[in-house]
Amino acid sequence: MEFMLDTADAQAVKELSEIMTIAGVTTNPTIITKSGKTPEQVFDEMNAVLAPEQKFFMQAVATDYDGILEDARRICSLRKNMYVKIPVTHDGMRAIKQAKAEGLNVLATAIYSPDQAFFAAMNGADYLAPYVNRMCNYGDGVQWVRELEEMLELNQLPAQICAASFKNGNQVHELIVAGVGAVTVAPDVVRGMLDHPGTQIAVNEFTEAWEGAFGRRTFA
Ligand code: G3P
């Protein structure tokens, strides 16, 4: 499975990429505007910390078919392993078809139901981003992603699910257990999954015992 970071914070990506295996980074217009940086700055900073094989996702901002495609072509030309995120509106669904016909890398986004995701997969989207936590306002978001996995498998559609919009680590955990292909998670939620106070307490116990017995804080 692929674990991605949902952020415009290049420093967080650098730090977490050093200690975890990060397949890529996703952003959206809200994340970029909240960062206080221009999209160009966000791209440059992210491009500087990402390895060439790490994927980077930026979203089309235009909402009409021609505009979405123009944004998509521009975004995908920025670097290798660059993906355009396209919301699954009517114009977006149409643009996904055309973008794939042009060989662009596409993630279908702002997905609130398994059926929307399924239609985007039929249009050839590479990734599908169901908004798990937001879907929970309408039903069981985690269960809907499980259903989507089945729908894709039964119909032999190659699209990968990249589950997004997580409020907590447990939602992420449940989808990893369900075998989801990819998740994209904000750095603060990732840190909540990565860190446990018990780990540091255990390490302190080991160090103190060793130092007490052998007078040093290293193995030899
Ligand atoms: O990648 C989509 C995601 O950023 C939406 O998350 O937290 O705004 O629901 P959120």
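An oxygen atom of the ligand sits 2.6 Å from an N or O atom in the side chain of Asp6, a polar contact in the sense of a pair of N or O atoms within 3.5 Å; for pairs within protein, one atom must be able to donate a hydrogen and the other to accept it, and residues adjacent in sequence count only if both atoms are side-chain atoms. For Ser165, the distance from a side-chain N or O atom to a ligand oxygen is 2.7 Å, and for Asn28 it is 3.1 Å. Taken alone, the ligand exposes 310 Å², and the protein buries 74% of that (accessible areas by the Shrake-Rupley method with a 1.4 Å probe; for residues, only the protein chains shown count as cover).

All of this comes from a predicted model, in which local features need pLDDT of at least 70 and side-chain atom pairs count only at pLDDT 80 or more, while totals for chains, interfaces and linings use all residues. Residues are numbered from 1 along each chain as its sequence is written, and side-chain values use heavy atoms, with hydrogens and water left out.

Which residues are around the ligand? They are Asp6, Asn28, Ile31, Lys85, Tyr131, Arg134, Ala164 and Ser165, where being near takes a heavy atom within 4 Å. By type, this shell splits into three nonpolar, two polar and three charged residues (Ala, Val, Leu, Ile, Met, Phe, Trp, Tyr, Cys and Pro are nonpolar, Asp, Glu, Lys and Arg charged, and the others, Gly among them, polar).

Now for the helices. Helix H1 (residues 10–19) packs with helix H3 (residues 39–49) at about 15°, their axes 9 Å apart; axes are lines fitted to C-alpha atoms, for helices over the stretch in contact, and angles run from 0 to 180 degrees between N-to-C directions. Helices are DSSP runs of H or I with at least four residues, strands are runs of E with at least two, and both are numbered from the N terminus. H1 and H3 are therefore roughly parallel, a label for angles under 35 degrees. With helix H10 (residues 187–194), H1 packs at about 30°, with the axes 11 Å apart, so H1 and H10 are roughly parallel too.

Lastly, the backbone. Most residues other than glycine have a negative phi. Asn81, in the loop between helix H4 (65–76) and strand S4 (82–87), has a positive phi near 55°.

How values were computed
Angles under 35 degrees count as roughly parallel, over 145 as roughly antiparallel, 65 to 115 as roughly perpendicular and the rest as oblique.
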